[in-house]
Amino acid sequence: MLKDSATDSLHGAPAGFEHDAFVHAGDEGFVQRAAAFISEGLAAGETIVAVLPPERLAILRDALGATRDAVRFIDMTVAGGNPARLIPFWRNILDQHPGPVRGLGEPAYPGRNAAAYDEVQLHEALSGIAFAADRSFRLCCAYEATVGIDPTATHAGADALAEKAFRTALDAAPDRAERWEFGPDELGEVRQWLSGQAASHGVSRDRLEDLSLALHEICTNSIRFGGGRGRLAVWIASGALICDVTDQGRIENLLVGRVLPPLDGLGGRGVWLANQLCDLVQLRSGDDFTQVRLHTHLR
């Protein structure tokens, strides 16, 4: 269900997963809508979790006064810097609180780059699939008008939107990217080559170790499930080192990497691990391709 900017009343305990949104034009508009949403949840005895960028957290705490002690506040830039971590974040919240949960979020916070905004919109669409069976969860997302995202396009028809976005390849790597084709025998060389590239661009040792492990997992997936070989492109953009891995496989599960796979399951763990290790992960897969793009911020 979508509550647009002209709808001010949000009444009743959730009978099923409800995914609301509102657009605001600044701090005053945000506080008005957010405080009303939270106050209604508190009156109903619901667990309230607010996941917002630091500036919004501070403003909302001040606006709530004494009632802020009943709200759990989480930094969105940490929990959802990579939007693919948000579905497992909310799943963990629901597992901790068996009663009704009311979440307030702002995943499309100002300052993200275009790739991150794309992943926020995919995340929002996938949330309807991930939480469809959760009858006591209500999630409301705030959108600042200056960001330029229309939540009606993200929430309405979310299943179809998620399918279309997931099955559509990302833009091709730029001409300036360095490229490498790999198979089982080249994995070690790929990691060694990447280490040199990352170090030359100022990636710290800790971040390089994370990226190397994530890339190894994704390249291994290409070999196991994508036809035995893959292609790697590496370039710098928007203050990040970007590694783009493509192969000829197809992933059916739209939630891959957003739901922790079982220890004895086949596949899925590589993407999950990459989501934990990288600042942003973009995954697309269609009839004859899978594309995983790993972003690591330059430090």
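Visitor: What stands opposite Val-101 in β5, and how do you know that β4 and β5 pair?
Guide: Val-101 stands opposite Phe-137. Strands are DSSP runs of E, at least two residues long, numbered from the N terminus. Two strands pair if DSSP finds at least two bridges between them. Five bridges join β4 (residues 101–105) to β5 (residues 137–144), so the two count as paired. They run parallel. This is a predicted model, where local features need pLDDT of at least 70, side-chain atom pairs count only at pLDDT 80 or more, and totals for chains, interfaces and linings use all residues. Residues are numbered from 1 along each chain as its sequence is written, and side-chain values use heavy atoms, with hydrogens and water left out.

Visitor: Why are β1 and β3 called edge strands?
Guide: The sheet is open, with the order β1-β5-β4-β2-β3. β1 (18–24) and β3 (71–75) each pair on one side only.

Visitor: What makes helix α4 part of this picture?
Guide: Helices are DSSP runs of H or I, at least four residues long. α4 (residues 86–96) packs on the sheet and touches β2, β3, β4 and β5. Touching is contact: heavy atoms within 4.5 Å. The direction of α4 makes about 160 degrees with that of β2. Axes are lines fitted to C-alpha atoms, for helices over the stretch in contact, and angles run from 0 to 180 degrees between N-to-C directions.

Visitor: How do you know that β8 and β10 pair?
Guide: Eight bridges link β8 (residues 240–247) and β10 (residues 289–297), in the antiparallel sense. Pairing takes at least two bridges, so they qualify. Val-245 stands opposite Val-292 in β10. Helix α9 (residues 205–225) packs on that sheet, touching β6, β7, β8 and β10. Its direction makes about 10 degrees with that of β8.

Visitor: What makes a group of residues a nonpolar core?
Guide: Its members are buried Ala, Val, Leu, Ile, Met, Phe, Trp, Tyr and Cys residues, joined through side-chain atoms within 4.5 Å. Buried means under 20% relative accessible area, with a 1.4 Å probe and protein chains only. The largest core has 63 residues. Trp-90, Leu-215, Leu-232 and Leu-294 touch the most other members. α9 gives the most to this core, with seven residues.

Visitor: Which residues does Leu-215 touch?
Guide: Leaving out residues up to four places away in sequence, Leu-215 touches Val-190, Leu-194, Leu-232, Cys-243, Val-245 and Leu-294. Another core, of 18 residues, lies apart from the largest one. Phe-22 and Ala-142 are among its members.

Terms used:
Buried means under 20% relative accessible area, exposed over 50%, partly exposed in between (1.4 Å probe, protein chains only).
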